[in-house]
Amino acid sequence: MRRLGLRLRERGIELSLLACALVTILVTAGIIFVLLDECFGLTPGKVGFFQAVSISEFLTGTEWKPMIEPRSFGVLPLVSGTLMVAFGALLVALPIGLATSIFLSEYAPPWLRQIFKPVLELLAGVPTVVYGYFALTFITPYLIRGIFPDVQIFNALSAAVVVGIMIVPTVCSLCDDAFRAVPRSLREAAYGLAATKLEVSTRVVLPAALSGVIAAVLLAFSRAIGETMAVALAAGMTPHLSLNPLTSIQTMTGYIVQVVGGDAPAGSLEYQTIFAVGLSLFAMTFIVNVVAQRIFARFREAYE
Amino acid sequence: MSAAPSAYRPAIGRRRFVGRLGLAAFVALSLVALVALGALILQVLQQGGSVISRTFLSNPPSILEPETAGVYVAIIGTLWLIGITVLAAVPLGVGAAIWLEEYAPRNRLTRFIHLNISNLAGVPSIVYGLLGLAIFVRSLQMGRSVLAGGLTLALLVVPVIIIATREALAAVPPSIRHASLALGATRWQTIRHHVLPAALPGILTGVILSLSRAIGEAAPLILIGAVSYVAAPPGGSLAESVEAQGVFAGLREWLRAALSDGFTALPVQIYGWIGEPDEIFHALAAGGILVLLVVLFSMNAVAIGIRAWQQRHRHS
């Protein structure tokens, strides 16, 4: 009898733990359902966004004016703003992150690592709204206006710089893992051939860890795409198609926050635009993440 | 007969020189991160240091009298959010991690769950805000409440908790499990009495770090409907409620009101202040950031401390 009770208890615990794990699938399903429902009207009686606005207008239109008549719903200006900030951020984060991680994994003595690692963790722990404040009150007035004195207070460049600083810890810790996964024997063989430390780092370790580095860059890129508060504060709120980083732009995330900050009534077309933009955002980050994970998995297999 | 011209040109001096240049470049670029963090902290201290006072911590925000505005309501809002997030996310995340690490068979379902969790960890926080808005605020009719906000943040941090907990569980040597199972303990008894205690410091570190992420999040809360100017903390004053209706009824009413009231949180409050054109609000924002950073950095310090303690004990 007692045995049976014990077995039932064991089984019950296992099932409830399994239920916890299954909730994560429910969350993903929930996200996808919510986004698709507002966009395509899955639940009966609901008129989705793409029943009012054609998908081709949304994807190819070059003007985003969802609030002012005559309205137009071309998402390209938001996408271009997002990509400009994200690529700009990579231009900042890649040299810094790569150099820091090479320095930490190949050159730095252990005590220096122990100072640097917590600093990077602190940098990673700073909330994004704080980075937005930093962009507005420091980077634009002191750094960017030092070079381009008459730039607008809201501009894409400051957003790119600040998001770049923000993703440095991500690039760093993932690249560091990749470099440390490279077997010692490779380095020692190169030293045996009288290579200098720089040659070992850049011509042996870096190529050997390349797929890990690429995956790290992709993950950082997807974080930059999804970044909200810093970008919403620094880049401004004027969606337009432009490649000039010195003007104010709007990103997809920035638009979502702006609309919710106003009062778009639920069910209205304005309200549904945030789900349409959210779906595009989700799709972009999802694709980048999946590709990054594929590359990571292959990299891990190579050294295990 | 002369030897063929040798291709051996070591040029060791030049290569060493290039090597030194490279090192200098690495060090310089590495310092950028340190300098950025330093500049950020100095900027916040310089702008916000002057507003920090006891009244700043105990006053509600005021748009009419910024001189006396404070972060009290926002701090209480953040505490509510964290409480709800902990209650919802920790059991869920730790439970899922235990199943994945200790029970999961190697099959398609498990692989799918793994894949799904790493994808969830990469979903932008604002998308969780959209989920919370559609599910908690509208479908489940929680309204723009602190409960909806806390649950949304919980969903956001669950993947982080799962990943950290799995790492902590995987670091527990299998010999401990084998010894316990060999003595006749059941699977759960083994986990409960041996694996979990050994993994506890690692789990704790992961939970603290994920909560510090939740504390700093503004975007999903703004989507849920947190606003920057809220006059009173969720539920109002507990003391008044108890005085008016007695201990139990007062407590119950207060809790009910608190969970359904509108709310704000520190990062949302800061965002609101940064958005004001007047310079004095920027000082308030800097003050709020200072409070937020002190909280976050101390949480980080605790996490780092636990990790250091654990490493020392593992080696001895």
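**Notes on the two-chain model**

1. In α1(A), A:G30, A:I31, A:V34 and A:L35 are in contact with B:V127, B:L130, B:L131, B:A134 and B:I135 of α5(B). Sorted by class, this contact holds 8 nonpolar residues, 1 polar residue and no charged ones. Please keep in mind that the model is a predicted one.

2. On the geometry of that pair: a packed pair of helices is described by the angle and the distance between the two axes. Here the axes of α1(A) and helix α5 (residues 125-139) of chain B cross at roughly 75 degrees and come within 9 Å. An angle of 65 to 115 degrees counts as roughly perpendicular, and α1(A) and α5(B) are therefore roughly perpendicular to each other.

3. Stepping back to the whole interface, 67 residues of chain A touch 68 residues of chain B. The element of chain A that gives the most to its side is helix α1 (residues 2-40), with 18 residues. By class, that side of chain A is made up of 45 nonpolar, 18 polar and 4 charged residues.

4. Now for chain A as a whole. Its secondary structure comprises 13 helices and 2 strands. The C-alpha atoms fill a box of roughly 80 × 70 × 30 Å along the principal axes. Of the 304 residues in chain A, 49% count as buried. As for contacts in chain A between residues at least 6 apart in sequence, 70% of them join residues at least 24 apart.

5. How is chain A divided into domains? Domain 1 covers 2-46 and domain 2 covers 72-302. Taken over C-alpha atoms, the centres of these two domains of chain A are 33 Å apart. Contact between them involves 4 residues of domain 1 and 6 residues of domain 2. On the domain 1 side, the residues in question are 3 nonpolar and 1 charged, with no polar ones.

6. The largest nonpolar core deserves a look of its own. It has 194 residues, and those that touch the most other members are A:V85, A:A159, A:V162, A:V163, A:V171, A:A230 and B:L130. Helix α7 (residues 156-181) of chain A gives the most to this core, with 17 residues. Both domain 1 (2-46) and domain 2 (72-302) of chain A give residues to the core, so it lies between them. B:L130, one of the residues with the most core contacts, is also among the α5(B) residues that meet α1(A).

7. Which residues is A:V162 in contact with, leaving aside its neighbours within four places in sequence? They are A:Y131, A:F134, A:A135, A:I139, A:A230 and A:A234. Of these contacts, A:A230 is itself listed with A:V162 among the core residues that touch the most other members.

8. Most residues other than glycine have a negative phi. A:A194, although not a glycine, has a positive phi of about 70 degrees. A:A194 sits in the loop between α8 (184-192) and α9 (197-208) of chain A, and is exposed, with 10 other C-beta atoms within 10 Å.

9. The second case is in chain B. B:A11 is not a glycine either, yet has a positive phi of about 45 degrees. B:A11 lies in the segment before α1 (12-48) of chain B. Is B:A11 buried or exposed? With 9 C-beta neighbours inside 10 Å, B:A11 counts as exposed.

Notes:
Residues are numbered from 1 along each chain as its sequence is written. Chains are lettered from A and ligands numbered from 1 in the order in which they are written. This is a predicted model: local features need pLDDT of at least 70, side-chain atom pairs count only at pLDDT 80 or more; totals for chains, interfaces and linings use all residues. Two residues are in contact if their C-beta atoms, placed from the backbone, lie within 7 Å. Helices (H or I, at least four residues) and strands (E, at least two) are DSSP runs, numbered from the N terminus. Ala, Val, Leu, Ile, Met, Phe, Trp, Tyr, Cys and Pro count as nonpolar, Asp, Glu, Lys and Arg as charged, and the others, Gly among them, as polar. Domain bounds come from an automatic or database domain assignment. A nonpolar core is a set of buried Ala, Val, Leu, Ile, Met, Phe, Trp, Tyr and Cys residues joined through C-beta atoms within 7 Å. A residue is buried if 20 or more other C-beta atoms lie within 10 Å of its own, exposed if 12 or fewer, and partly exposed in between; C-beta atoms are placed from the backbone. Axes are lines fitted to C-alpha atoms, for helices over the stretch in contact, and angles run from 0 to 180 degrees between N-to-C directions. Angles under 35 degrees count as roughly parallel, over 145 as roughly antiparallel, 65 to 115 as roughly perpendicular and the rest as oblique.
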